[in-house]
Amino acid sequence: MLIIDWTRQALPAMLADLKAVVELETHSYDKAMLVKGLREIRARAVDLLGTPDDEVLHEGGQHGDILELTYRGTAPGTVLMLCHYDTVWPTGTLDSWPFTLVEGKATGPGVFDMKTGLVQSIWALRGLRELGLPHPSVRFLFNGDEEVGSPASRGHIEAAGADALATLVFEASFDGALKTARKGVGLFNVRVTGVEAHAGLDPYAGASAVHALAEVVTTLAGAGSRERGTTVNVGLISGGTGRNVAAGHASCGVDVRVTDPGEMGRIDDVFAGLRASDPRVSISATGEWNRPPMTQNPASQRLFKEAQEVAAGFGWLLDEAAVGGASDGNFVSALGLPVLDGMGAVGDGAHARHEHVLVEHVPERTALTIGLLTALA
């Protein structure tokens, strides 16, 4: 049987699994539901693939735990399959937005980002086995903290990818294209402390933290560079106690995205150099680089060419794309290792109520993974 024929006949069972996984509400901040969800995902993997040859559960603390399941292959080496199971959708969203299949679209909280990719990854290994195709060992890493920056799982992801032939990330595709470059992300907070005073009775005794924050926002916005691929977004602002008070405190939350790793140092200098024109005002900046950029390193470029050849064998044209969002693939790529991202669903609407997956592409994406794993053997 041809690979694509097998994945097409498996589609109803895959969609049944997808429905079950979407109905496991796994909000990044709901530890109890994350524990329950991971337990059910493990049970489905074992039901489809049998008992893993190696299994490790890493505690995630307040975040979702990290589960590694390794299945021995028929060829040397190991491929890492990265799948996060947490979503941005709070527990209870399913009540008003249930999983549905309508006119070739599957919708529901987390269906696109990235539970379809998770299901496809497991079924790809099932297909390899049923079709008797050669493949390297496969190590699944399921983590429940990707949507909050992977603070608990980053070290485990880097360690798991260190000796892998390739790392495949089952985030959603970019309209079918694989993601071979992603921006790095920095998350920062700026706190401004001024001097409070009555705005009418004693206007010059105060030093407004809000006015100083306006200067800070202008400086930060000016630090972005379209030419360098760097964006700086001040997305949150708070401060002051009343409109007739010179504000004693103000703060802002900042999202920074960079294409060039060298930009990280420049932006760090911008934050370190923030000053107010009024010397009575003090400014402090905290935060960190949540993820380094995922660049098109030579190893990843070779891996993409191999995926293109696999797709061509099916008669498909496979494109690549650079995107502004980040994923767990950024961590492995920054080590100079081969990574392909966007192996998951074709659809649209990540983190939005129109989140959906185009069902007709589920067999194709699963077949692509099967074909690539066979090629890597």
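**Figure 1. The largest cavity of the predicted model.** About 50 Å³ of space lies in the largest cavity of this predicted model. Asp17, Val21, Ile41, Arg44, Leu48, Leu118, Val119, Ile122 and Trp123 form its lining. Three helices, α1 (3–22), α2 (31–49) and α4, each supply at least two of the lining residues. The most comes from α4, which gives four residues. Sorted by class, the lining of the largest cavity has seven nonpolar residues, two charged residues and no polar residues.

**Figure 2. The second largest cavity.** Two cavities of 30 Å³ or more are counted in the model. The second largest cavity has a volume of about 30 Å³. Val22, Leu24, Glu25 and Thr26 belong to its lining, together with Thr87, Trp89, Pro90, Pro109 and Lys115. Five residues of this lining are nonpolar, two are polar and two are charged.

**Figure 3. The largest pocket and its lining.** The volume of the largest pocket is about 680 Å³. Its lining consists of 28 residues, and those nearest the pocket centre are Asp113, Arg182, Gly325, Ala326 and His351. Two or more lining residues come from each of α4 (111–131), β8 (178–182), β9, β13, β14 and β17 (347–348).

**Figure 4. The cis peptide bond between Asp113 and Met114.** The peptide bond from Asp113 to Met114 is cis, with omega near -5°. Met114 is found in helix α4. Asp113 is also one of the residues nearest the centre of the largest pocket, and α4 is among the elements that give two or more residues to the lining of that pocket.

**Figure 5. Helix α7 and what covers it.** Helix α7 spans residues 262–272, and its buried residues are Glu263, Met264, Ile267, Val270 and Phe271. Seen down the axis of α7, these buried residues fall within an arc of 120°, so they line one face of the helix. On the face turned away from the buried side, Gly262, Asp269 and Ala272 are exposed. The cover over the buried residues of α7 includes the helix α6 (209–222) and the strands β9 (184–193), β11 (231–239), β13 (249–258) and β14 (282–291).

**Figure 6. Strand β9 between its partners β13 and β14.** Strands β9 and β13 pair in the antiparallel sense over ten bridges. In this pairing, Leu187 has Asp255 of β13 as its bridge partner. β9 is also joined to β14 by nine bridges, again with the strands running antiparallel. Here Arg191 has Ser284 of β14 as its bridge partner. β9, β13 and β14 are included in the cover over the buried residues of α7, and each gives two or more residues to the lining of the largest pocket.

**Figure 7. The six-stranded open sheet.** Six strands are arranged in the order β1-β2-β6-β3-β7-β16, forming an open sheet with mixed pairing. β1 (54–58) and β16 (339–340) stand at the edges with a single partner strand each, so one side of each is left without a neighbour in the sheet. β1 runs antiparallel to β2 (residues 66–71), and five bridges join the two strands. Among the bridged residues, Asp54 is partnered by Thr70 in β2.

**Figure 8. The loop between β6 and α5.** The loop between β6 (137–143) and α5 (154–162) holds Ala152. Ala152 and Glu59 are 93 residues apart in sequence, and their C-alpha atoms are 8.1 Å apart in space. Leaving aside residues up to four places away in sequence, Ala152 touches Gly60, His63, Ile66 and Asp145. Ser150 is found in this loop as well. Phi of Ser150 is near 55°, a positive value in a residue other than glycine. Ser150 is buried, with a relative accessible area of 1%.

**Figure 9. Asp175 in the loop between β7 and β8.** Asp175 is located in the loop between β7 (166–169) and β8. Although not a glycine, Asp175 has a positive phi of about 55°.

Terms used: Residues numbered from 1 in each chain as written. Predicted model: local features only at pLDDT ≥ 70, side-chain atom pairs only at ≥ 80, totals over all residues. Heavy atoms only, no water. Buried < 20%, exposed > 50% of the residue type's maximum accessible area, 1.4 Å probe, protein only. Arc of directions from axis to C-beta. Contact = heavy atoms within 4.5 Å. Pairing = 2+ DSSP bridges. 1 Å grid on protein atoms, 1.4 Å probe; cavity = no way out; pocket = protein on both sides within 12 Å on 5 of 7 lines; lining within 4 Å. Points joined across faces, edges and corners; volume = space filled by probe spheres on them. Nonpolar A, V, L, I, M, F, W, Y, C, P; charged D, E, K, R; others polar.
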